[in-house]
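Hello,

Here is the structure we talked about. Please open it alongside this note; what I found follows below.

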Amino acid sequence: MGENCIVSLKDIVVDFDGEVVLDGINLDIHDKEFVTLLGPSGCGKTTTLRIIGGFVEPASGDVFFDGKRINEMPPYKRPLNTVFQRYALFPHLNVFENIAFGLRLQKVPEKEVAQRVAEMLELVNLKGFDKRGVNQLSGGQQQRVAIARALVNHPRLLLLDEPLGALDLKLRKGMQIELKRIQQSLDITFVYVTHDQEEALTMSDTVVVMKDGHIQQIGTPQDIYNEPKNAFVADFIGESNILDGVMHKDFVVEFAGRKFDCVDKGFEKMENVDVVIRPEDIKVVPAIAGQLSGRVESVIFKGVHYEMVVESAGFSWIIHSTQSQEPGSSIGMNIDPFDIHIMHKMEEER
Amino acid sequence: MKKRKWLSNTYIGLIFAFLYLPIGVLIAYSFNESKSRAVFTGFTFDWYAKLFHNDVIIQSLINTLIIAVVSSIVATIIGTAAAVGINSMNKWMKSAMMNLTYLPIINPEIVTGVSMMLLFVFLKLQFGFTTLIIAHITFSLPYVILNVLPKLRQMDKFVYEAALDLGCTPLLAFRKVIFPEILPGVISGMLMAFTFSLDDFVISYFTTGPTSQTLPVTIFSMTRRKVSPEINALSTIIFIVVLATLLIVNFKDLRKQKKVQRSEVGV
């Protein structure tokens with residue numbers, strides 16, 4: 001356990017009716033950190049969150065809060081709060097009473113309740129909404145009430161389960177920035193679950209990429225994007241060209257029918273590897289000047305760039321470029337050594 | 001077009017006449033001076049006066065009300081708890097429990113009545129209030145369960161977890177969050193249990209004792225001799241009470257709807 005660790009998961013295993021959902025999760029969450037659990041649906045990210053919240057008990061392994069083991073502690077005794085996926089507001093109470101719910105249970109004096117609820121309404125930009133019924137609010141407003149209802153209790157840790165999943169794109173972008181602002185201004189720890197990689201990269205200090213109940217990689221958004229640990233992470237975080245390759249020796253890799261210089265070393269001689277190349281790292285040059293040559297199959301305008309599919313060496317390459325090419329034409333492709341990412345093959349495929 | 005409208009109005013009129021004429025006749029004869037059921041000889045309130053001095057009828061009315069109140073309250077408590085339990089069961093157990101719940105409703109009343117009687121004989125229970133109340137709780141339980149369950153199913157299950165998360169113990173979470181949500185179902189379940197208890201004749205007939213006759217049983221035993229116009233008067237009163245209750249409930253619903261509409265417009 002690290003120095004300023006607020007939550008620690010040690011060898012957590014969870015199974016539902018014999019089906020393993022989490023398989024040996026180890027995770028340290030530091031104080032005042034914005035941690036995102038990222039992965040496709042069914043990867044176990046929500047279950048991990050529910051373990052911390054106390055709604056799921058692990059089959060084996062330990063949960064620590066501030067260094068104290070809290071496996072058996074029921075949710076209502078844990079010093080943390082949750083923002084649920086579908087908000088889960090109390091429909092029979094108005095906005096004020098929803099937010100005041102936790103304070104009422106703690107028997108906070110009425111005057112302080114009014115003051116703290118007002119503070120929260122201000123924080124989430126819902127001033128003057130206190131007497132509204134929660135069913136009269138829009139999705140975005142309900143979301144803010146759910147956040148206020150959790151934060152009013154001054155938890156040290158806030159768990160958020162895909163809180164922006166039901167909102168439209170524009171609202172989601174706005175709320176992302178707002179959530180980050182709230183987290184920084186209150187100086188508390190957020191654990192955030194999402195399947196949206198862009199959301200994860202935008203808001204987090206640390207991203208935890210998960211798949212099939214395993215953690216694939218833990219790192220800063222930059223690490224995860226630039227140095228993906230395996231082909232799954234590379235593919236999940238942004239688009240990638242993933243090719244089979246062979247590592248001839250340090251700094252030399254063969255793929256797509258030829259040898260390339262690269263910056264990776266420490267692989268076994270002739271080891272089969274995954275080669276990952278980002279679509280924006282492939283430079284389009286005249287056909288004779290390229291390391292590889294291919295035929296343009298299709299071109300789609302994406303706003304900032306053109307997305308092209310190019311057939312070369314039996315592989316469909318995705319290339320992002322600001323310059324369009326004629327479909328059917330032949331082009332050359334160049335790749336710089338530091339843009340070639342080499343990864344061990346994933347375990348289950350070995 | 002006009003002709004069509006005339007036709008449909010007549011049709012509706014006939015149906016309502018078919019439904020309500022018998023009750024109209026009953027009400028009319030409750031004011032008949034003569035004991036005869038054939039001729040109307042003059043208007044009188046005598047039968048109503050006599051009714052309120054008939055100790056047997058008044059006592060069985062009191063019995064009926066006591067049994068209805070007690071059995072519907074107990075059935076509501078047990079039924080609501082059962083619904084919560086059934087709702088959190090797994091699929092297989094749930095469908096098994098639901099079939100068990102439906103069984104008493106589908107089962108002919110006479111079978112339920114006779115089997116109850118046999119059970120009480122076997123247990124050597126004294127026939128009277130206790131046996132009646134037990135029987136009434138038993139047959140009204142399914143109605144409570146069937147009214148509460150849909151409300152529980154409609155509810156966002158994370159609302160309960162949210163309450164726990166904010167510091168409620170499970171029991172407190174039920175009281176503060178789940179109960180207000182399912183209250184409409186609980187109330188309609190209780191009302192149904194209450195009405196079925198008031199109404200029941202067959203099962204009561206087999207489980208009643210000499211001192212605890214309910215109104216339907218009393219009326220039945222009175223009609224075996226000769227239908228006294230007192231019974232017309234009693235039936236009229238019951239009909240008026242039911243009608244008034246129905247009107248009040250509907251009127252309240254209407255006002256609530258208007259209120260909701262107004263607040264929606266206000267947004």
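An unreviewed UniProt entry lists "transmembrane region" at six stretches of chain B: 12-31, 61-88, 100-123, 129-149, 182-206 and 231-251. Bear in mind that the model is predicted. I looked at two of those stretches. Residues 129-149 of chain B are 100% helix and 0% strand. Their end C-alpha atoms lie 30 Å apart. Residues 182-206 of chain B come out at 92% helix, again with 0% strand. There the end C-alpha atoms are 34 Å apart.

Now chain A. It splits into domain 1 (5-231) and domain 2 (239-349). Their centres, taken over C-alpha atoms, are separated by 38 Å. Four residues of domain 1 of chain A and seven of domain 2 of chain A make the contact. On the domain 1 side, the touching residues are two nonpolar, one polar and one charged.

Two backbone angles deserve a look. Most residues other than glycine have a negative phi. A:Asp187 has a positive one, near 60°. This residue sits in the loop between α5 (169-186) and β8 (189-194) of chain A.

A:Phe251 is not a glycine either, and its phi is positive at about 70°. Look for A:Phe251 in the loop between β11 (241-249) and β12 (252-255) of chain A. With 13 other C-beta atoms within 10 Å, A:Phe251 is partly exposed.

Best wishes

Terms used. Residues are numbered from 1 along each chain as its sequence is written. Chains are lettered from A and ligands numbered from 1 in the order in which they are written. This is a predicted model: local features need pLDDT of at least 70, side-chain atom pairs count only at pLDDT 80 or more; totals for chains, interfaces and linings use all residues. UniProt positions are given in the numbering used here, feature names are shortened, and annotations may be inferred rather than shown by experiment. Helices (H or I, at least four residues) and strands (E, at least two) are DSSP runs, numbered from the N terminus. Domain bounds come from an automatic or database domain assignment. Two residues are in contact if their C-beta atoms, placed from the backbone, lie within 7 Å. Ala, Val, Leu, Ile, Met, Phe, Trp, Tyr, Cys and Pro count as nonpolar, Asp, Glu, Lys and Arg as charged, and the others, Gly among them, as polar. A residue is buried if 20 or more other C-beta atoms lie within 10 Å of its own, exposed if 12 or fewer, and partly exposed in between; C-beta atoms are placed from the backbone.
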